[in-house]
Amino acid sequence: KLDLNVKTGKKSYEEIKKLSFESSYLLEKMELVDVYKETLTLRFYFSSTKKNLTEVEAGLELAKIKKNL
């Protein structure tokens with residue numbers, strides 16, 4: 001699991017969630033952890049049925065999501 005702070009801007013939480021799942025096929029679950037002003041703290045859970053993921057691999061998936069947000 002990895003956390004990311006996201007400025008909402010014009011995007012809703014639902015839009016961010018949809019884009020996140022579209023960006024990473026290894027994303028299993030996403031939680032809203034905290035809201036402060038226009039910043040959301042999101043927790044991402046990554047999983048694979050084929051192998052155990054390393055923190056580096058999860059970090060690469062999070063980078064894909066961040067790029068698309």
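This briefing covers the sheet, the helices and a few single residues of the structure above.

The model is predicted: local features need pLDDT of at least 70, side-chain atom pairs count only at pLDDT 80 or more, and totals for chains, interfaces and linings use all residues. Residues are numbered from 1 along each chain as its sequence is written, and side-chain values use heavy atoms, with hydrogens and water left out. An open sheet of 3 strands runs in the order β1-β3-β2, with antiparallel pairing. Helix α1 lies across β1, β2 and β3. Helices α1 and α2 cross at roughly 135 degrees.

**Sheet**

- Helices (H or I, at least four residues) and strands (E, at least two) are DSSP runs, numbered from the N terminus.
- Two strands pair if DSSP finds at least two bridges between them.
- Strands of a sheet pair through backbone hydrogen bonds, either parallel or antiparallel.
- The strand order is β1-β3-β2. β1 (2-7) and β2 (27-36) are the edge strands, each with a single partner, so one side of each has no neighbour in the sheet.
- From one strand to the next, the twist averages 25 degrees.
- β1 and β3 pair antiparallel over 6 bridges. Lys7 has Thr39 in β3 as its bridge partner.
- β2 pairs with β3 (residues 39-46) over 8 bridges, again in the antiparallel sense. Arg43 in β3 is the bridge partner of Glu31, and Asp34 stands opposite Thr41 in β3.
- The β2 and β3 hairpin has 2 residues between the strands. Lys37 in this hairpin takes a positive phi near 50 degrees.

**Helices**

- Axes are lines fitted to C-alpha atoms, for helices over the stretch in contact; angles run from 0 to 180 degrees between N-to-C directions.
- The axes of α1 (residues 13-23) and α2 (residues 55-68) come within 9 Å and cross at roughly 135 degrees. That makes α1 oblique to α2. Angles under 35 degrees count as roughly parallel, over 145 as roughly antiparallel, 65 to 115 as roughly perpendicular, and the rest as oblique.
- The crossing of α1 and α2 is right-handed: the near helix is turned clockwise from the far one by less than a right angle.
- Leu19, Ser20 and Ser23 in α1 meet Lys64, Ile65 and Asn68 in α2. By class, this contact of α1 with α2 has 2 nonpolar, 3 polar and 1 charged residues.
- Against the sheet, α1 runs at about 150 degrees to β2.

**Single residues**

- Buried means under 20% relative accessible area, exposed over 50%, and partly exposed in between (1.4 Å probe, protein chains only).
- Thr39 sits in strand β3. Thr39 counts as buried, at 19% relative accessibility.
- Beyond its neighbours within four places in sequence, Thr39 is in contact (heavy atoms within 4.5 Å) with Asn5, Val6, Lys7 and Asp34.
- Thr49 belongs to the loop between β3 and α2. Thr49 is exposed, with a relative accessible area of 84%.
- The C-alpha atoms of Thr49 and Leu26 are separated by 9.1 Å, with the two 23 residues apart along the chain.
- Gly9 lies in the loop between β1 and α1. Gly9 counts as exposed, at 56% relative accessibility.
- Gly9 and Lys66 are 57 residues apart along the chain, and their C-alpha atoms are separated by 14 Å.

Notes:
Ala, Val, Leu, Ile, Met, Phe, Trp, Tyr, Cys and Pro count as nonpolar, Asp, Glu, Lys and Arg as charged, and the others, Gly among them, as polar.
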